[in-house]
Amino acid sequence: MKLALRRLLHNLSALTDVGADIGSSGNFEDVIRSSLHTLLGTLAIPRGAIAQYVSRPRCLKIVASKGVGAAPESRIVIGSDQLRELRGKKRAIVLPPDDQTASELAASIGLLRKLRVRVIVPMTVRGNLIGAVFLSDKFTGDAYNQDDLEIIHAISHHIAMAFFNHSLLMSLKRKAEDNRRLYREMRQIYQDTVKAFGRAIDLKDTYTSGHSDRVARYARAIAREMGINGKELENISVAGYLHDIGKIVVDRSIINNPRPLTEREFNELNRHVTTGYEILSHISHPWKEIAYMTKCHHEKVDGTGYPQGLSGDDIPLGSKIVTLADSFDAMMTDRPYRSRLSIDRALGDLRTNAGSQFDVTVVTAFCRLLLKEITNEVKDRVLMPMIGAKFDRQAVAEKLSSIIQELEGASNDPRLTRAAS
């Protein structure tokens, strides 16, 4: 009785060990190998192997083995008869002594002969073949009794569930990666479409090739400097690309006119903001937010802009950022009516118009970003390529520092305190 109790406790301990191994987060093959060693040690079995069933190509993949000398073949092709034999067995197959040909599976697989296999345990879950456990005779040479087969079956079932759960996890990971790849592809298509719209707008203007792309990049960089991220950052970038989409319906001769515009021409050009809004507002969320940003990119914080005469906080922050990005690019490029400005003149205009045309916090963030680029505090240079190489870095840096110091005292926008480093 005491012997039977000790044996029971020993078997329960083995099951606990296997359960702990399988429930761990370690390397899967290490877990299976540890489970095999626990099974062999529990019943004093010198040789054994665990194989996973693979349907394509149809084979048993050896995941763990012990006592077979040199590493065995990693994949063992099985025929349809062998597959049926494994699938058809609900319990362990115990081969009679000196008669291994009683199993077609054992007779035809070299590894099993090398193991001198005595027990084959098919592993199935929900009617699906998961793999098999192969065991040799015991050290003692004693026959396997019913208690032995019960513990073998219990441990094999644990291993089968580990295989099954691992397979489910790998399948979920593959699906997740497929979904991530699909999302990346859709996102790339979306971005390419937005950029194509921007290029189509720029084709109308002989003097400003690449304007929409630059405004989008400037707006994105300024927004990041202000601590904006996520979807809001993406929307501001898209608004930068599409801020002038309404110009598609404006006559090219007006856009490229080198002389002062007539009142009629000026009014037609100014309508591009409402036309762009009408185009974009028919696209569902989040484009309605983007549409409104583009509509407001000629508003001024003092209320003297168009088309609605909005002021202060009534103007979306994204619009204020696009407004400055648009104006900076206009200052830095040749136009029909004037040549590009020097960086010193451009900074002077931004400072003069901070609080009237431009939002103070946006101008401050712009200056801080440009200062970081000039002083090599950031790797990516978004604004500097437009300035060119011929300028006095120290003088411009000093001017930027002066503007920042002057404007920061006038800023009450909490976003500014989240500026990116």
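Strand 1, residues 48-54, is mostly covered in this predicted model, with 7 of its 7 residues buried. Here buried means under 20% relative accessible area, found with a 1.4 Å probe and protein chains only. Strands are DSSP runs of E with at least two residues, helices are runs of H or I with at least four, and both are numbered from the N terminus. Which residues cover the two faces of strand 1? On one side sit G48, I50, Q52 and V54, on the other A49, A51 and Y53, and all are buried.

Strand 1 and strand 2 form a hairpin, and 4 residues lie between them.

Now let us turn to the helices. The axes of helix 11 (residues 272-280) and helix 12 (residues 287-295) come within 8 Å and cross at roughly 175°. Axes are lines fitted to C-alpha atoms, for helices over the stretch in contact, with angles from 0 to 180 degrees between N-to-C directions. Helix 11 and helix 12 are therefore roughly antiparallel to each other, a label used for angles over 145 degrees. Helix 11 brings V273, T274, Y277 and L280 to the contact, while helix 12 brings W287, A291, Y292, T294 and K295. Contact means heavy atoms within 4.5 Å. These residues divide into 6 nonpolar, 2 polar and 1 charged. In this grouping, Ala, Val, Leu, Ile, Met, Phe, Trp, Tyr, Cys and Pro are nonpolar, Asp, Glu, Lys and Arg are charged, and the others, Gly among them, are polar.

Our last stop is S319, which lies in helix 13 (residues 317-331). Is S319 buried or exposed? S319 is buried, because its relative accessible area is 0%. A polar atom of the S319 side chain lies 2.9 Å from the backbone oxygen of M293. Leaving aside neighbours within four places in sequence, S319 is in contact with Y292, M293, C296 and H297.

Finally, the whole protein has 17 helices and 6 strands, and 47% of its 421 residues count as buried.

Residues are numbered from 1 along each chain as its sequence is written, and side-chain values use heavy atoms, leaving out hydrogens and water. In this predicted model, local features need pLDDT of at least 70 and side-chain atom pairs count only at pLDDT 80 or more, while totals for chains, interfaces and linings use all residues.

Terms used. Buried means under 20% relative accessible area, exposed over 50%, partly exposed in between (1.4 Å probe, protein chains only). Two strands pair if DSSP finds at least two bridges between them. A polar contact is a pair of N or O atoms within 3.5 Å; within protein, one must be able to donate a hydrogen and the other to accept it, and residues adjacent in sequence count only if both atoms are side-chain atoms. Angles under 35 degrees count as roughly parallel, over 145 as roughly antiparallel, 65 to 115 as roughly perpendicular and the rest as oblique.
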